[in-house]
Protein chains: 2
Amino acid sequence: MEYVRDGAEIYRRSFATIRAEADLSRLPEDVARVAVRMIHACGMVDLVDDIRHSPGVVTAARKALRDGAPILCDAEMVASGVTRRRLPADNEVICTLRDPAVPGLAAELGNTRSAAALDLWGDRLDGAVVAIGNAPTALFRLLELIAAGAPRPAAVLGIPVGFIGAAESKEALAASELEYLIVRGRRGGSAITAAAVNALASEDE
Amino acid sequence: MEYVRDGAEIYRRSFATIRAEADLSRLPEDVARVAVRMIHACGMVDLVDDIRHSPGVVTAARKALRDGAPILCDAEMVASGVTRRRLPADNEVICTLRDPAVPGLAAELGNTRSAAALDLWGDRLDGAVVAIGNAPTALFRLLELIAAGAPRPAAVLGIPVGFIGAAESKEALAASELEYLIVRGRRGGSAITAAAVNALASEDE
């Protein structure tokens, strides 16, 4: 069977195709590099049209990661997709969704388990890189916690996916004072989100 | 903040939106149920237009899972996305990518680690449900192994993503004698693939 078998060559050709086809010109160069990996993870060059970000998000996230900040994820799939060897400071990758306290907390809050899991992040939020790639309720809960005085993360990748609340939760993040990167609308998900983390973790392509 | 906090209600409304918007009429009912979950995982109702399948794939995969077949995944993210409590027979979910033998095997084969990892599946392929959601080279390697006499899986979900080889590997699967489900073109990925496994594992929505 005829196919490209060299992993490095596959990456090179993939990124070349993306840079040839995607309209990256509307993004600053640092965000464009992140966008390339996000597109690589979903196979859609038009994803770039829905990317919105605060001006300082890449600088803030890169600095936080170099300084050893943890990466707080809403879903195990996001955590699973973070390439550990790209992390600049052997950063912790944390997902609290399977903590045994979560179901009780969710019942108490009257919210999803994905949202309740964030209440276990506690002070680890301070200066963290937050990566929400699955549940809109987790992103809404993050904004509620911060409005109520929780410590502020260094940057928030808000890329939940879906039909109920996804678009709205991302617009709410973009309207906040936080450093953010979102994909507007329904698209998003754990693979795109983990790819964004991986792009921020190292400038290697 | 105003948003739907009830997980079951979010699922109900999401699936209702998908069934209202997606053109599921070209799919048989059993495949349509799988398509709904795949769409849910990526936020795109037009994904349905790219789904292709062999007539018996859902029946074959469901029977295999009920009979205790393992689920063989090319990527940790796919394995991580399989909801264990939906599995009908506490089925094993296997990803061999991190096996210490893989880098050496990849060098020997002159192929990617994702492809080489499949050589460790061995007899577990016999009657398995294969879920390839990341690497085109893994799907190509599967077809090579089977052509060379490896045991046949019960069904193959071939949903790798990307720009180099993804479309071609999926067309090659569709041209085989295997029971298959693919998403034509560049789209795909671990979240969509895990969602397909979860839909096949249980008829609960």
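Predicted model: local features only at pLDDT ≥ 70, side-chain atom pairs only at ≥ 80, totals over all residues.

Residues are numbered from 1 along each chain as its sequence is written, chains are lettered from A and ligands numbered from 1 in the order in which they are written, and side-chain values use heavy atoms, with hydrogens and water left out.

In soluble globular proteins, nonpolar side chains tend to be buried together. A nonpolar core is a set of buried Ala, Val, Leu, Ile, Met, Phe, Trp, Tyr and Cys residues joined through side-chain atoms within 4.5 Å. Buried means under 20% relative accessible area, exposed over 50% and partly exposed in between, with a 1.4 Å probe and protein chains only. The largest such core here has 106 residues, and those with the most contacts inside it are A:Met38, A:Ile71, A:Leu181, B:Met38, B:Ile71 and B:Leu181. Leaving aside neighbours within four places in sequence, A:Leu181 has contacts (heavy atoms within 4.5 Å) that include A:Val31, A:Met38, A:Ile51 and A:Val156.

A search of the whole structure finds 0 disulfides over all chains, a disulfide being a pair of cysteine sulfur atoms within 2.5 Å. A:Cys73 is buried at 1% relative accessible area, but its sulfur is 6.5 Å from the closest cysteine sulfur, that of A:Cys95, too far for a bond. In chain B, the sulfur of B:Cys95 has its closest cysteine sulfur in B:Cys73, also at 6.5 Å and too far for a bond.

Over all chains there are 4 aromatic pairs. Rings of Phe, Tyr and Trp (its six-membered ring) pair if their centres lie within 6.5 Å; planes under 30 degrees apart count as stacked, over 60 as edge-to-face and the rest as tilted. A:Tyr3 and B:Phe140 are stacked, because their centres are 4.3 Å apart and their planes at 10°. A:Tyr3 lies in the segment before α1 of chain A and B:Phe140 in helix α7 (residues 136-147) of chain B, so this pair joins two chains. A:Tyr11 and A:Phe15 form an edge-to-face pair, with 5.5 Å between centres and 90° between planes.

A:Thr17 is found in helix α1 (residues 7-21) of chain A; helices are DSSP runs of H or I, at least four residues, numbered from the N terminus. A:Thr17 is buried, at 19% relative accessible area, and touches B:Phe163, B:Ile164 and B:Arg186, not counting residues up to four places away in sequence.
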